[in-house]
Amino acid sequence: MAADTTVPATAVQHSAAGQRRAVRVRRRGERGPGASAGLHLTLLAATVIALFPIVWMAFIALKPGNGWQDPLDLSGGLGLSNFDHVLTDTEFPTWFGNSVLIAGGTTVIGVLISAGAGYAISRLRFPGNRALMWTFLITQMFPGAVLIVAMYNILSTLKLIDTYGGLILAYCSSAVPFCAWMMKGYFDTIPGEIDEAGRIDGLTPFGTFWRLMMPLARPGLAVTAFYSFLTAWGEVAFASQFMQSESKYTLAVGLQSFVAEHRADWGFLMAASVLITVPAGFVFFFAQKHLVSGLTSGGTKG
Amino acid sequence: MTTATAGPADGGPKSEDGRPRVGLPTRVKRSWDTHWYAWAMVLPVVLVLGVLVGYPLLRGVYLSFTDATEANIGRTIGENHIPATYKFVGVDNFWNVLSGKEGNFYPRLWWTFLWTASCVFFHYTVGLGLAVLLNRKMRFRSVYRVLLILPWAVPAFVAAFAWRLMFNTGDSGLFNIVLGKLGLGAVDWLGDPLMQKVSVVMVNVWLGVPFMMVALLGGLQSISSELYEAAEMDGASPWQRFRHVTLPGLRPVSSTVILLGTIWTFNMFPIIYLVIGPNAGADVQILATYAYQLAFQGVRDYAGAATYGVIILSMLLVFATFYRRMLNRQEATR
C-alpha cells in the first residue's frame, strides 16, 4: 500500500469519506491501535507455532542422558553430552558424509544435464517442445510407488543396491526433470534481446547458450542446484530400501535407527536433528526468496 | 526468440508460419536443419528420462499385470541363480483392487482424498492469511517473515521425528504433559486411528504453510497498488477489495501452488511413514505409503504395489488434465 504516493485530490476525497466515521482522519493503509494489536498478536501466535517444535527439539537435545523422559524436570541440567555422543560414538558423521555425497552427486548430474534442455525449451521453438515440458510436469507427479519396485528390481539385477551410484541414479529420475523445469522457468526471465545480440555478433546457438546464457543464469543455476540438493537430502522412501548396510545409510535412514523398536534414544536423535537443521537453516535464509519465484515461474508460463 | 537462424531479415520469430508449402522430404530436411541443435540440446535429458523413468515405468506397468512377489521374482544369491517364475495374469490385479475384493483400496482412497484436501486447504488458507498480514506495513515485518519461514528449512524427516517426540505417550510427550496440566485426559496421538490422522495432518500443515505463504506473498507484492487505490475510490469495502482485486491478482500463483501442493501431498511419503512408524496399521496409510508397505513389508508383493502405483499415477494424470483444462477455460472466458 503506497500511502506516500496518494495524490492530493484522492486524499481530500478520502478524508471527506473518512470524517463521517472517525474524528481523526487516518491515511490510506493506516491502522487503528486495535487493528495493530490484533495484527501483531496473530503474527506472534503464528510465529510461536512455527518455532515451537524447533525450539523443543533443541531443548531436548541439550538435556543429557535420559532427560528426554521427563522433559519438564530440569534437575539434570543442560549440556552438550548428546552432541558429543552423536558425533563421536555413532555413525552420524558417516551418514552425514553419505548424504552430502549422494545429494551433491544428484545435484551436479541433474543441473549439468538439464541446463541445456531448459534453455532449448525456453528459447527455441521446435517440434517436441511442448511434449517435453508436459513430460517434465508429469514426471513430477510420479508416485514413488510406481517406480520404486521396478527400480529396485533393476538395480538389484545390476548389483547397484547398497551403492552410492544406485541411489544417485534413482534420485536423478526425479531431479533431472525437476531441474529442467526450473531452468526453463529461469531462462524465461532473461530477455530474448540478449540472445539476439549474441546471434548478430556471430555466435552459434550453442555459443549463445554457453557463453552468454550460462553466466547470466548463474543465480537460477544456484537455486535449482540448491533445491534438488534439498530434495535428495530429505528423501526417505528410496534410501530406506536401497541402502542396506549401516555404513551406507543416509541421514534420513540413519536417524530411524535411533528410535528402533527396542531402543529409543530421543536425546541423541534430537541432537542429530539439530546438527542437520542448523546448516540447512542458514543456507535456506539466503536462498528462500529465489526458491519460490523459480518454482512458480516455471509453472505459470508452462 | 526462436529458431529463425536466418536472422531478422526473413521476418523474425514466426517465420515458420509464413513459409511457402513444399514437399515432405524437403520439409523434413528443413526441419532437421533448423531444429537439429535444439534436439541436440535436449537429447541428454531425453536419454536420461528414457532410461531412468521410461524403462522403470514400463516395467512397473508390466509388473502390475503379473503376480510377481518376492518369492518368484528371480534372484542371484551368491553363485545360485534362481529364475523368475512369475507369470502374466492380465488385469486380475486391477480387478481385485478396483472391485473392492482386496478390501483396502476404497478406505485408503477415501482417506487419501481427505488427507490431500484437508492439507492443501489448510496450507492455502493459513498461507494466504499470513501472506495478507505480512503484506502490510508494520514494525518487525521482516523478522516475522523470516521466523515464519523456518519450518520450511527443516527437512521433512527431521520434522517428523521432532513432532513424534511431542506426540509420545507416557511422560515424555509434551502434548500429553500439557493436557495433563490442564486437567484433561491423555490422548493416544500415535495409537488411536482417528488421532493418528489428526496428528499427521497437523505435522504436514505445519511443514507446508511456509511455502504457500512465501509464494502467495510474492504474488501479493506483484499486484499493482493502483488497483487497490482505484477500488477504494470506487467505494469498495476491504472484503470487496480482497475478493475482486487480491484473489484475481493471485490467480496465476494460486493455480500453480495448488496444483503442486495437491500432487506433493497426494504422494507425501515421509510424514506418515516416520511419524506413525513403519509398523503402523493400514488405517492411517494413504495410497502412496500403502503401496510402499505392500512392496517392502512381509512377503513383498511387487505386483500389488505396482498396481497401486499405476492407479495413483492415472488418478493424478486425470486430475492434472482437468485442472489445466479448467484453468484454460477460465482464462478464455475472462
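Select Leu160(A) to start: this residue is partly exposed, because 18 other C-beta atoms lie within 10 Å. On this scale, 20 or more other C-beta atoms within 10 Å of a residue's own make it buried, 12 or fewer make it exposed, and in between is partly exposed, with C-beta atoms placed from the backbone. Keep in mind that you're looking at a predicted model, where local features need pLDDT of at least 70 and side-chain atom pairs count only at pLDDT 80 or more, while totals for chains, interfaces and linings use all residues. Residues are numbered from 1 along each chain as its sequence is written, and chains are lettered from A and ligands numbered from 1 in the order in which they are written.

Helices here are DSSP runs of H or I with at least four residues, strands are runs of E with at least two, and both are numbered from the N terminus.

Which residues is Leu160(A) in contact with, leaving aside its neighbours within four places in sequence? Pick Leu155(A), Gly165(A) and Gly166(A). Two residues are in contact if their C-beta atoms, placed from the backbone, lie within 7 Å. Now click on Ala252(A): its C-alpha atom is 19 Å from that of Leu160(A), and the two are 92 residues apart along the chain.

Zoom out to chain A. You'll find 13 helices and 0 strands, and 44% of its 302 residues count as buried.

Next, colour residues 37–62, 95–119, 131–152, 164–183 and 266–287 of chain A, which an unreviewed UniProt entry gives as "transmembrane region". UniProt positions follow the numbering used here, feature names are shortened, and annotations may be inferred rather than shown by experiment. Residues 37–62 of chain A are 100% helix, with end C-alpha atoms 35 Å apart. For residues 164–183 of chain A, also 100% helix, the ends lie 26 Å apart.

Residues 257–276 of chain B are 80% helix and 0% strand.

Last stop: the contact between the chains, with 85 residues from chain B and 85 residues from chain A. Highlight helix α1 (residues 24–63) of chain B, which gives the most to chain B's side, with 18 residues. That side has 69 nonpolar, 11 polar and 5 charged residues. Ala, Val, Leu, Ile, Met, Phe, Trp, Tyr, Cys and Pro count as nonpolar, Asp, Glu, Lys and Arg as charged, and the others, Gly among them, as polar.
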